[in-house]
Amino acid sequence: PFIHLATTMAALIRTHAFKSAISKRRLLCAGAAVGIGACMGSAIGGTLFSIEVTSITFVVSYYWSTFSAAIIAFILNSALQYLLTSIGIVPLFSVHFKDVNLEMFSTMDIVVMCLIGLICGLLGPMFVALHHYLVEGRRFLMRRTQNRLPSCMSSHVWVALWTTTLYLGVCSYVGGPLLGPERIIIDDLLSPDDMPSYWSAARGEIANLALFMCVIYFFSIAFITLKIPAGVFAPMFSAGAALGRLVGLLLASTLALKASSDEGDRLACFALVGGAGLTASVTQTFSAGIIAYGLTGLEGLLLPVLLVTLISCGIAMQLSHNIYDSACTLRHIPLLLVPSSHHALEITAEELMSHVGENFLEDSVEVPLSKIAKVLRNTDKDVSIPVVHSKENPILLGSVSHKMLERILKACTNMGKESISMRNENIIHLIDQCPLTLHKDANLQKIAFLFHTLRASFAYVVDYGQVIGWVSREVLINYQLENPHLY
């Protein structure tokens, strides 16, 4: 959980040290990049991962600070690895590939790698769906017990884990792969040499790889529902690496390639692309391929890794949202998503909007201060007040923010005025003459994409230039929570 730790540290630094000097979002984006840069040793991959995960709130101006933080983390990590290796302390991940090039991969290898990408692309959405059902089931259990057993879920997960590992690891003498730390597991799976003997104990290497992948995959779903989660990136990478090496072993045994001199390198390459593919599918981040490539730095692995990542990530995006967006939705965090269902094309802005009614200001006549006060009371603070030509012809001319109109009202009241003209030279420059507008027939998918891209808080709904209502971000989020099947 390096990303979790880094972003938590960023939040603490923002709270106690730089409360007003640095944006909280900027620090959180930098923290996510630092977590990957320090853990996986990939500054560029960490920066891209941060951008992809925080794409809804990421601002382009954050790029330089995010990349700088990732570079510093990578340099410090490399320096510490160099110093600590000299006194016998091994680095977190010590992957040592031999010279790998594209010529060592046959056409069958590339086809099988694409198959791995397809499998990973299906396992990712299944992971997200099972996590969603598990959280909903836990909430249902807590409601039934009136929250009298707050640690019931945690105790059941731990009992199930230790029962499984006791049977598979102790009773069957396969202790290494299931009970060892993840950094050793990933090093074993990505090793071009023969794997340690405990991977071949009892049932054999193929069966142990399959068991390991299933245990890590399903228990990771339960772990991230606990109070202190175990992370997603590294467990999914190790499970995907086990899947890739398993497929490589099955391919080698089928085609009788065991005697090949480069068989160890091929198996390690299959493990690497499998880890990148499953991680990309669960997180829906293309940067997972760049991070996996950064573990080796070999140009011959770049094309296979990116190919598998592209396939798995593309399939997962068509089937569900990533694990981070799903978790935010389950926590009812206001996160605006773009609907993927074709039914969203049938829902229009006219169905979602709040009618403007009498809540507008006329440009052609003097506006009484009493009406301004009434409009302010009837309008949300996040929505600006529309300025129209007249009541009979409500052509949208611009808008005035809620906060600015309150100041105008207060100033006019102090001056003893009873009305004011929106054409006043002191007011006309305060009017936004180019507010965001939507046609009344715009569909929900287009509206959500527009709000997502422009980070808009509201938009006016017009019909032949006449304002008839508005749609706010809050309305879209509430509709999203009430109709999750569209997303």
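Which residues touch the most other members of the largest nonpolar core? Phe127, Leu189, Leu209 and Leu272 do so, in a core of 57 residues. The legends below describe this core and other close-up views.

The model is predicted, so local features need pLDDT of at least 70 and side-chain atom pairs count only at pLDDT 80 or more, while totals for chains, interfaces and linings use all residues. Residues are numbered from 1 along each chain as its sequence is written, and side-chain values use heavy atoms, with hydrogens and water left out.

**View 1. The chain as a whole.** The chain contains 19 helices and 9 strands; these are DSSP runs numbered from the N terminus, helices being H or I of at least four residues and strands E of at least two. Of its 487 residues, 47% are buried (buried means under 20% relative accessible area, exposed over 50% and partly exposed in between, with a 1.4 Å probe and protein chains only). Among contacts with a separation of 6 or more, 72% join residues 24 or more positions apart; contact means heavy atoms within 4.5 Å.

**View 2. The largest nonpolar core.** A nonpolar core is a set of buried Ala, Val, Leu, Ile, Met, Phe, Trp, Tyr and Cys residues joined through side-chain atoms within 4.5 Å. Phe127 and Leu209 are among the residues that touch the most other members here. Two or more residues come from each of α2 (24–40), α5, α8 (182–189), α9, α10 (233–255), α11 (263–283), α12 (287–296) and α13 (302–319). The most, 11 residues, come from α10. Leaving aside neighbours within four places in sequence, Leu209 is in contact with Leu189, Met195, Trp199, Ala242, Arg245, Leu246 and Leu249. Another core, of 21 residues, lies apart from the largest one and includes Leu335, Leu336, Ala344 and Leu444.

**View 3. Helices α5 and α9.** Helix α5 (residues 107–144) packs against helix α9 (residues 205–223) at an angle of about 40°, with the axes 9 Å apart. Axes are lines fitted to C-alpha atoms, for helices over the stretch in contact, and angles run from 0 to 180 degrees between N-to-C directions. The angle makes α5 oblique to α9 (under 35 degrees counts as roughly parallel, over 145 as roughly antiparallel, 65 to 115 as roughly perpendicular and the rest as oblique). In α5, Leu123, Met126, Phe127, Leu130, His131 and Leu134 meet Tyr217, Phe218, Ser220, Ile221 and Ala222 of α9. This contact has 9 nonpolar, 2 polar and no charged residues; Ala, Val, Leu, Ile, Met, Phe, Trp, Tyr, Cys and Pro count as nonpolar, Asp, Glu, Lys and Arg as charged, and the others, Gly among them, as polar.

**View 4. Ser399 in strand β5.** Ser399 is found in strand β5 (residues 396–400) and is buried, with a relative accessible area of 3%. Not counting residues up to four places away in sequence, Ser399 touches Ser384, Ile385, Pro386, Val387, Leu430, Ile431, Asp432, Pro435 and Tyr460.

View 5. Most residues other than glycine have a negative phi. Gln284 has a positive phi of about 55° although it is not a glycine, and Tyr464 likewise has a positive phi of about 55°. Gln284 lies in the loop between α11 and α12 and is buried, with a relative accessible area of 11%. Tyr464 is found in the loop between β8 (458–463) and β9 (466–472) and is exposed, with a relative accessible area of 77%.
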